[in-house]
Protein chains: 2
Amino acid sequence: MEWSQVVRSNPARRTALVDAAIEVLAAQGARGLTFRAVDEGAGVPAGTASNYFRNRDELLTQAGERVYARLLEGASQLTLPDDAPRDRDLLVQLMVGTVRRIVDYRTGFLALLELRLEATRREGVRDVLTDRVRADLASNVVTHEQWSMPGDAVTVRLLYQALNWLVVDALTLPGLVDDADLDAYVAETVERLLPAP
Amino acid sequence: MEWSQVVRSNPARRTALVDAAIEVLAAQGARGLTFRAVDEGAGVPAGTASNYFRNRDELLTQAGERVYARLLEGASQLTLPDDAPRDRDLLVQLMVGTVRRIVDYRTGFLALLELRLEATRREGVRDVLTDRVRADLASNVVTHEQWSMPGDAVTVRLLYQALNWLVVDALTLPGLVDDADLDAYVAETVERLLPAP
């Protein structure tokens with residue numbers, strides 16, 4: 001069987017390998033990410049991952065894509081009731097849900113942080129992540145405007161900045177941001193970033 | 001000579017080893033940080049670092065302390081002219097200077113990010129970093145109030161959140177935040193976080 005057929009023939013296994021790569025990144029750091037560690041994590045025979053990914057960069061970038069895809073999947077299930085007023089309360093509610101989704105996908109976010117650091121060392125990873133984050137921010141601005149939410153494009157970018165670091169604190173130093181206080185921190189961030197009502 | 005005397009006798013060498021550890025963390029990640037790598041980075045005979053640090057945790061936490069110490073050293077040199085109005089322009093100027101100082105100490109900030117990830121794996125690192133960040137934030141609030149700057153404790157925390165992630169973007173994905181635009185991003189962050197004048 002051709003290499004390309006193997007790849008196409010088993011997308012579920014490919015996904016399982018990428019998910020194992022995310023767990024390895026979070027648990028052991030970027031330098032711990034080897035084909036062997038991924039095979040072990042996925043519980044597949046040694047040599048399997050090397051049939052699915054041409055090299056380590058491909059594994060790294062697909063891990064990043066997978067984290068974004070899973071987070072966006074959660075976001076796409078959001079629907080807004082037509083009669084909900086587009087006010088700060090609604091934006092708070094949306095942002096609380098978004099941050100909760102990210103914090104609950106703990107290993108995904110930690111893997112993305114590892115990829116950010118790996119981006120300082122590997123141009124291929126840097127290019128893919130740059131495009132992905134830029135597209136993600138642009139898409140957030142479009143959604144914000146389509147939903148007629150309060151604030152503007154700068155609000156969206158500042159929410160992205162402030163809430164990403166809040167997640168860093170919550171996941172890496174939980175003594176600093178207690179889980180019980182997380183929603184209140186998110187609400188405060190939104191309220192301060194919006195123009196006064 | 002006793003171990004403790006060796007340590008006391010050569011503080012300059014100790015600092016050189018900690019600085020080498022910061023460079024190793026930034027270049028190779030937390031898993032690359034071994035006594036051997038530090039000895040090599042500092043250009044000292046193999047076995048030197050193991051005479052200065054009891055274990056890897058001690059090396060990691062001292063690297064973190066050193067980054068904070070160097071950044072605070074820069075901050076402590078700031079003086080405000082008595083007649084400067086305590087307004088948003090002054091706060092913008094201070095924050096632009098602070099972010100520039102952090103971005104210029106590129107390997108220091110990247111090493112701190114590595115330590116944040118290592119904190120998810122090592123309780124000792126987590127405890128030291130939690131205390132350090134908490135103390136740093138509290139001290140920022142005190143300075144903010146002593147200097148009668150606009151905004152309150154929440155402003156200080158949100159500046160910390162939003163500007164830290166801005167630095168993450170600037171250092172890991174420079175295509176996203178061009179260096180020439182960095183000061184403008186900082187200014188915008190401050191202006192949006194302060195109550196309207």
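**Charged pairs and a helix**

Tutor: A:Arg14 counts as buried, at 17% relative accessibility. Buried means under 20% relative accessible area, exposed over 50%, and partly exposed in between (1.4 Å probe, protein chains only). This is a predicted model, where local features need pLDDT of at least 70, side-chain atom pairs count only at pLDDT 80 or more, and totals for chains, interfaces and linings use all residues. Residues are numbered from 1 along each chain as its sequence is written, chains are lettered from A and ligands numbered from 1 in the order in which they are written, and side-chain values use heavy atoms, with hydrogens and water left out.

Student: OK, what does A:Arg14 form a salt bridge with?

Tutor: A:Glu58, with the closest N and O atoms 3.6 Å apart. A salt bridge is a side-chain nitrogen of Lys or Arg within 4 Å of a carboxyl oxygen of Asp or Glu. A:Glu58 is buried too, with a relative accessible area of 10%.

Student: And which residue meets A:Asp183?

Tutor: A:Arg100, at 2.9 Å from N to O. A:Arg100 lies in helix α6 of chain A and A:Asp183 in helix α10 of chain A, so the pair ties together parts 83 residues apart in sequence. Helices here are DSSP runs (H or I, at least four residues), numbered from the N terminus.

Student: Switching topic: what do the buried residues of α10(A) pack against?

Tutor: They pack against α6 and α9 of chain A, together with α9 and α10 of chain B. Contact means heavy atoms within 4.5 Å. Among the buried ones are A:Leu182, A:Tyr185 and A:Leu193.

Conventions: Helix = DSSP H or I, 4+ residues; strand = E, 2+ residues; numbered from the N terminus.
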